[in-house]
Amino acid sequence: MTAPLTGYTATLPADVVLDSGQLYVGATVFGAFNGGLKFDPGVEYRNIEFDGKRSPITALDRKTSFMPSVSGTVIQLSTTNVLQIEPGATVVGSGAWTGSTSYMPKDAAGFLAAGDYLTDVRCVWLRGGGNFVQVRFPSALCTKYDITSQDGAEIAIAITIEARLDMGVTGAQIGDAPYRIEYIASV
């Protein structure tokens, strides 16, 4: 008996995704990463409960929420990155040293403004055939970061960027996924 065919050709995989990928905010590369990028769609399902049910049942599942995120470890911290990882931060002038700049994080009391969100965040990977696959967040927010330094090594900034559904977009509905997976010819 012959094994059933899968998504692979007889000799090689048909569409391997190569390398660690690159993160963009708009047309700008976010920074250099160490260890690649991770996309988690954060989809949650619920199998409807009823009295006497002993196991999950086909056709009773429904998607209940999305919490898509991209995470990775950046090894650089530019002035642009500070404003990307600290939503709503503002430049408040020069710092304690000549030629330095200070950034003030947004206070914890109020809502973020529309301009505090990142737009067109794209996590892009090269495909074996020379084209690309990307996960795109039209609107996003860096919800977590930490900075770790180590003697004799680069700084490591672990970041998590989460997608947000922009209800200001024409046709947006509460249950829509706040991300897209796209196959493209070039970045």
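Visitor: Is Phe 30 buried or exposed, and what is its relative accessible area?

Guide: Phe 30 is buried, with a relative accessible area of 3%. Buried here means under 20% relative accessible area, exposed over 50% and partly exposed in between, for a 1.4 Å probe and protein chains only. The model is predicted, so to speak of local features requires pLDDT of at least 70 and side-chain atom pairs count only at pLDDT 80 or more, while totals for chains, interfaces and linings use all residues. Residues are numbered from 1 along each chain as its sequence is written, and side-chain values use heavy atoms, with hydrogens and water left out.

The position of Phe 30 is in the loop between β2 (28–29) and β3. Strands (E, at least two residues) and helices (H or I, at least four) are DSSP runs numbered from the N terminus. The protein has 1 helix and 12 strands, and their order along the sequence is β-β-β-β-β-β-α-β-β-β-β-β-β.

Neighbours within four places in sequence are left aside in what follows. Phe 30 is in contact (heavy atoms within 4.5 Å) with Leu 23, Tyr 24 and Val 25, with Val 74 and Gln 76, with Asn 81, Gln 84 and Ile 85, and with Ile 159 and Ile 161. For a further point of reference, Arg 136 is 106 residues from Phe 30 along the chain, and the two C-alpha atoms are separated by 14 Å.

Strand β1 comprises residues 17–25, and β6 comprises residues 69–74. In β6, 5 of the 6 residues are buried, so this strand is largely enclosed by the rest of the structure. Strand β3 (residues 33–40) runs antiparallel to β6 and pairs with it over 5 bridges; two strands pair if DSSP finds at least two bridges between them. Within that pairing, Gly 72 in β6 is the bridge partner of Leu 37. β6 also pairs with β11, again in the antiparallel sense, over 6 bridges. There, Thr 73 stands opposite Ala 158 in β11.

Val 25, already named among the contacts of Phe 30, stands opposite Val 121 in β9. Strand β9 (residues 118–127) has 7 of its 10 residues buried, so it too is largely enclosed by the rest of the structure. Over 8 bridges, β9 pairs in the antiparallel sense with strand β10 (residues 132–148), and Val 121 stands opposite Phe 137 in β10. The hairpin of β9 and β10 has 4 residues between the strands, and Gly 130 takes a positive phi near 100° in it.

Rings of Phe, Tyr and Trp (its six-membered ring) pair if their centres lie within 6.5 Å; planes under 30 degrees apart count as stacked, over 60 as edge-to-face and the rest as tilted. By this rule there are 4 aromatic pairs. One of them is the edge-to-face pair of Phe 66 and Tyr 179, with 6.1 Å from centre to centre and 75° between the planes. This pair links distant parts of the chain, since its residues are 113 apart: Phe 66 is in the loop between β5 (61–65) and β6, and Tyr 179 is in the loop between β11 (156–163) and β12 (180–184). Phe 66 counts as partly exposed at 23% relative accessibility, whereas Tyr 179, at 12%, is buried. Ring pairs join Phe 39, Phe 66, Phe 137 and Tyr 179 into a cluster.

Not counting residues up to four places away in sequence, Glu 86 touches Pro 105 and Tyr 145. Its C-alpha atom is 16 Å from that of Thr 148, which is 62 residues away in sequence.

For the protein as a whole, 27% of the 187 residues count as buried, and Phe 30 is one of the buried residues. Of the contacts with a separation of 6 or more, 57% involve residues 24 or more positions apart. The C-alpha trace spans about 75 × 50 × 40 Å along its principal axes.
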